[in-house]
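Work through these exercises with the structure open. Try each task before reading its solution.

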Amino acid sequence: MPEAPFDTLVAEIHAFAAAEGLARHDPDAMVDEPGGGDGGLATSAAFQRRLFDAGLAWFDGPVAHGGRGLDPDTANALRDVLCGYVLPDQAYFTVSRQIVAPTILAHGTPEQRDRWIRALWRADVLACQLFSEPEAGSDLAALRCTAVRDGDEWVVNGQKVWSSWAHLSDVGELLARTGRPADRHRSITAFLVEMDRPGITVRPIRQINGDSHFNEVFFDDVRIPDSARLGAVDDGWAVAMSTLTSERAAMGSRDKTYLSQPFRRLRALAGDRDRLGEAERELLAEAWIREQLAGVTADRVATAGLSPSVGKLALVDDLGFYGRAAARLLGPDLVADGGTPGAATWSDFLLSSPAQRIAGGTDQIQRGIVAERVLGLPRDRHPRTKGPAAP
């Protein structure tokens, strides 16, 4: 059955927004309050279910799992229309929809796809990543969390850290060592583990901005069935690479949740344009240029095969610039409550955004990927010296 024309799909979005009472973004607002009240998980999940049931949540997803099956360009255009409205907080679902769900779609069994993908996109369940460990962050292949086979089950022991939303999640994508540590990439297996299994302890980590969406997760003799295995035994590195590619693409996407419409927000923060100095005008001009380039980069990642690492690096650089621009425009109000609307939000942004330099692989890892896989540069196999040789 052919899909409806583009104008009809746009009309569906506007009709849904009207029925939901969604407000459009105020071009003069420094901060948009999340629609639907407090912006908490319950509110956001209920909204996501209505959006999914209306066929407006997953424009480019497979029809068999609740998507509309549209091409990426059309899907991006429709997302732009939808994001013209103030939506309930979507940050809860980034890992579920844009990171874990694509991995299950690529590597899961038919049973795993049927069980999880629609549920993740509809916000019936929430997912987290269980990858990083205290001594295996950027060097993920050094992970030490183990999964030992016992008949039709696996027994998991170890620790994970920096797992976003793990304290709220129903399922986690787990990487565990199933062979010798010396084998590194060749002895890792991926699993989909239900977070309420006995032996799992989740401890939120309090961050500098007061939030606690990162977590430590401990596994003590946690038993999971072999049917929860994602991909082949000892082939978890391939699964992990799919996940990390999706994560980097999500971080650089045009509908990212870290900061929406930065130019509009900074412009509102600047106030009366007639009072702006040359330096402030240059900041706003650069903010506009960066926002346009971010859209072009995201489109090229989505439709033209550009490495997601490029988009992720661009995002991190942009976040740093927007924070510095806000600091220049706000002055002391950034750190002391002077009553300026939006100051607290920008202060929170400035404190939390540096974490994106680590998430999904550090900047250094991303630059290495771009150098080797995009530019084709050779690896540096020569030992580094600490200084000139002695005479």
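This is a predicted model: local features need pLDDT of at least 70, side-chain atom pairs count only at pLDDT 80 or more; totals for chains, interfaces and linings use all residues.

**Exercise 1.** Find the residues that Leu120 contacts, leaving aside neighbours within four places in sequence.

*Solution.* Contact means heavy atoms within 4.5 Å. Start with Ser96, Arg97, Val100, Ala101 and Ile104, which are among the contacts of Leu120. Residues are numbered from 1 along each chain as its sequence is written, and side-chain values use heavy atoms, with hydrogens and water left out.

**Exercise 2.** Name the residues that touch the most other members of the largest nonpolar core.

*Solution.* First, the term: a nonpolar core is a set of buried Ala, Val, Leu, Ile, Met, Phe, Trp, Tyr and Cys residues joined through side-chain atoms within 4.5 Å. Buried means under 20% relative accessible area, exposed over 50%, partly exposed in between (1.4 Å probe, protein chains only). The largest core has 50 residues, and Leu120 and Leu175 touch the most other members. Elements giving two or more residues to this core include helix 1 (6-20), strand 4 (171-177) and helix 6 (236-251). Helices (H or I, at least four residues) and strands (E, at least two) are DSSP runs, numbered from the N terminus. A second, separate core has 20 residues, including Leu266 and Phe321.

**Exercise 3.** Is Thr189 buried or exposed? Which backbone nitrogen lies 2.7 Å from a polar atom of its side chain?

*Solution.* Locate Thr189 in strand 5 (residues 188-194). Its relative accessible area is 0%, so Thr189 is buried. The backbone nitrogen is that of Asp234. Beyond four places in sequence, Thr189 also touches other residues, among them Leu175, Arg229 and Gly236.

**Exercise 4.** Trp162 and Arg184 both need a look at phi. Where does each residue lie?

*Solution.* Most residues other than glycine have a negative phi. Trp162 has a positive phi of about 65°. Trp162 is in the loop between strand 3 (153-161) and strand 4. At 51% relative accessibility, Trp162 is exposed. Now take Arg184: its phi is positive too, near 50°. Arg184 lies in the loop between strand 4 and strand 5. With a relative accessible area of 30%, Arg184 is partly exposed.

Definitions and conventions:
A polar contact is a pair of N or O atoms within 3.5 Å; within protein, one must be able to donate a hydrogen and the other to accept it, and residues adjacent in sequence count only if both atoms are side-chain atoms.
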